[in-house]
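Colleague: I'm new to reading protein models. Could you walk me through one, feature by feature?

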Amino acid sequence: MQLVRGLHNVRPSHHGCVATIGNFDGVHLGHQAILTRLRNSAARLNLPSCVIVFEPQPREFFNPETAPVRLTRLRDKLQLFAEAGIDQVLCIAFNKRFRQLSAADFVQTVLIDALGIQHLQVGDDFRFGCDRAGDFAFLQEAGQRLNFSVEPTATVEIDGQRVSSTRLRSALAEADFVLARRLLGRPYAIDGRVMHGKKLGRTLNAPTANVQLKRHRAPLHGVYLVSVQLDNGRHLPGVANIGTRPTVDTTQQAHLEVHVLDFSGDLYGQHIAVTFHKKIRDEQRFESLSQLQQAIAADIAKAHTLWQHFHTL
């Protein structure tokens with residue numbers, strides 16, 4: 001799969017494709033249905049498939065502090081797109097200049113001039129352009145004038161409710177990992193590189209792997225039973241804290257720290273995937289490191305017990 005960063009990097013070889021546009025945050029079953037239809041259309045027309053995404057996501061650009069918590073980073077999306085068989089991804093910088101493009105200018109500049117699309121696959125609620133003025137009816141009319149076809153993808157429902165990123169965030173906030181797995185078609189996981197931290201966990205008899213989140217806020221908060229996939233593909237049980245570490249940190253920056261049960265070894269530099277299975281407790285502030293150490297020991301003991309009885313792992 002080829003990644004094209006920015007319209008200025010689009011080449012003549014990228015001209016002539018079938019495309020879809022969206023945030024694809026989470027790449028849940030609704031998104032996967034769009035990608036499947038896109039791939040099928042590409043095969044039928046004998047053209048490459050292209051996914052158009054934006055960084056930052058539009059709502060993050062307009063209101064970074066109140067925008068929905070990001071479920072998947074760009075790196076995660078790219079991996080999932082590749083696994084879905086997508087040929088190329090165009091990642092457009094969403095900035096002040098770009099946000100001023102009208103729906104008509106977006107169609108002409110991006111879809112026609114840059115990509116020369118022959119077919120556009122969109123979700124049934126898709127809107128785009130300055131002030132979100134473009135919708136499916138607008139695209140149909142544009143397609144008739146500019147010679148490209150447009151097809152909506154019907155809503156995917158589970159238990160009579162729409163599969164959406166909003167519903168997935170709600171499931172994660174409620175620690176309903178069974179529902180999250182159903183919405184995603186896979187367990188919810190966060191991956192990242194293990195970095196050097198303050199090594200406070202060692203002094204508390206609970207060494208942790210500090211995983212880069214590369215996001216200001218996290219979709220989960222608390223202490224969780226997890227499994228960890230290492231670079232070599234090995235899966236190990238663990239307990240993770242994801243949050244702001246209120247006892248030892250005042251920055252309010254989100255962190256993911258993972259203690260791998262009964263493990264000794266060096267994980268620094270590895271890119272690991274942390275899959276969440278069950279919430280153990282909320283994150284809390286303790287009055288002393290001694291109290292924190294006692295809580296961590298209790299978390300580890302509970303994780304051992306849960307692991308023995310958690311048959312879905």
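Modeller: Let's start with who touches whom. R167, L168, A171 and L172 of helix 7 meet F177, L179, A180, L183 and L184 of helix 8. Keep in mind that this is a predicted model.

Colleague: Which classes do the residues in the contact of helix 7 with helix 8 fall into?

Modeller: Eight are nonpolar, one is charged, and none is polar.

Colleague: And how do I read the way two helices are arranged? At what angle do the axes of helix 7 and helix 8 cross?

Modeller: Look at the directions of the two axes, then at how far apart they are. Here helix 7 covers residues 165–173 and helix 8 covers residues 177–184; their axes come within 8 Å and cross at roughly 155°. Angles over 145 degrees count as roughly antiparallel, so helix 7 is roughly antiparallel to helix 8. The crossing of helix 7 with helix 8 is left-handed.

Colleague: Which residues of helix 7 are buried?

Modeller: S165, R167, L168, R169, A171 and L172 are buried in helix 7. They pack against helix 1, strand 7 (157–158), strand 8 (161–162) and helix 8. Just after helix 7 comes A175, with a positive phi of about 55°.

Colleague: Let me try another pair. At what angle do helix 5 and helix 6 pack?

Modeller: At about 50°, with the axes 11 Å apart; helix 6 is residues 136–146. That makes helix 5 oblique to helix 6. This crossing is right-handed. On the helix 5 side the contact uses A103, A104, V107, Q108 and I112, and on the helix 6 side F138, L139, A142 and L146. Sorted by class, the contact of helix 5 with helix 6 has eight nonpolar residues, one polar and no charged.

Colleague: Can we zoom in on a single residue? Where is L111 found, in which helix?

Modeller: L111 sits in helix 5, which spans residues 103–114. Its relative accessibility is 0%, so L111 counts as buried. To see its surroundings, skip the neighbours within four places in sequence: L111 is then in contact with I21, I52, F106, G116, I117 and L120. L111 and V18 are 93 residues apart in sequence, and their C-alpha atoms are 9.6 Å apart in space.

Colleague: What about helix 3? Which of its residues are buried?

Modeller: Helix 3 runs over residues 74–83, and its buried residues are L74, D76, K77, L78, L80 and F81. Among the elements covering them are strand 1 (2–5), helix 1, strand 3, strand 4 (88–93) and strand 9 (189–195). After helix 3 comes G85, with a positive phi near 85°.

Colleague: Are F24 and N46 buried or exposed?

Modeller: F24 counts as buried, at 3% relative accessibility. N46 counts as exposed, at 70%.

Colleague: And how do I read a peptide bond?

Modeller: Check omega. Most peptide bonds are trans. The bond from E55 to P56, though, is cis, with omega near -5°. P56 belongs to the loop between strand 3 (49–55) and helix 2 (58–62).

Terms used:
Residues numbered from 1 in each chain as written. Predicted model: local features only at pLDDT ≥ 70, side-chain atom pairs only at ≥ 80, totals over all residues. Heavy atoms only, no water. Axes fitted to C-alpha atoms, helices over the stretch in contact; angles between N-to-C directions. Helix = DSSP H or I, 4+ residues; strand = E, 2+ residues; numbered from the N terminus. Parallel < 35°, antiparallel > 145°, perpendicular 65-115°, else oblique. Left-handed = near helix turned anticlockwise from the far one by under 90°. Contact = heavy atoms within 4.5 Å. Nonpolar A, V, L, I, M, F, W, Y, C, P; charged D, E, K, R; others polar. Buried < 20%, exposed > 50% of the residue type's maximum accessible area, 1.4 Å probe, protein only.
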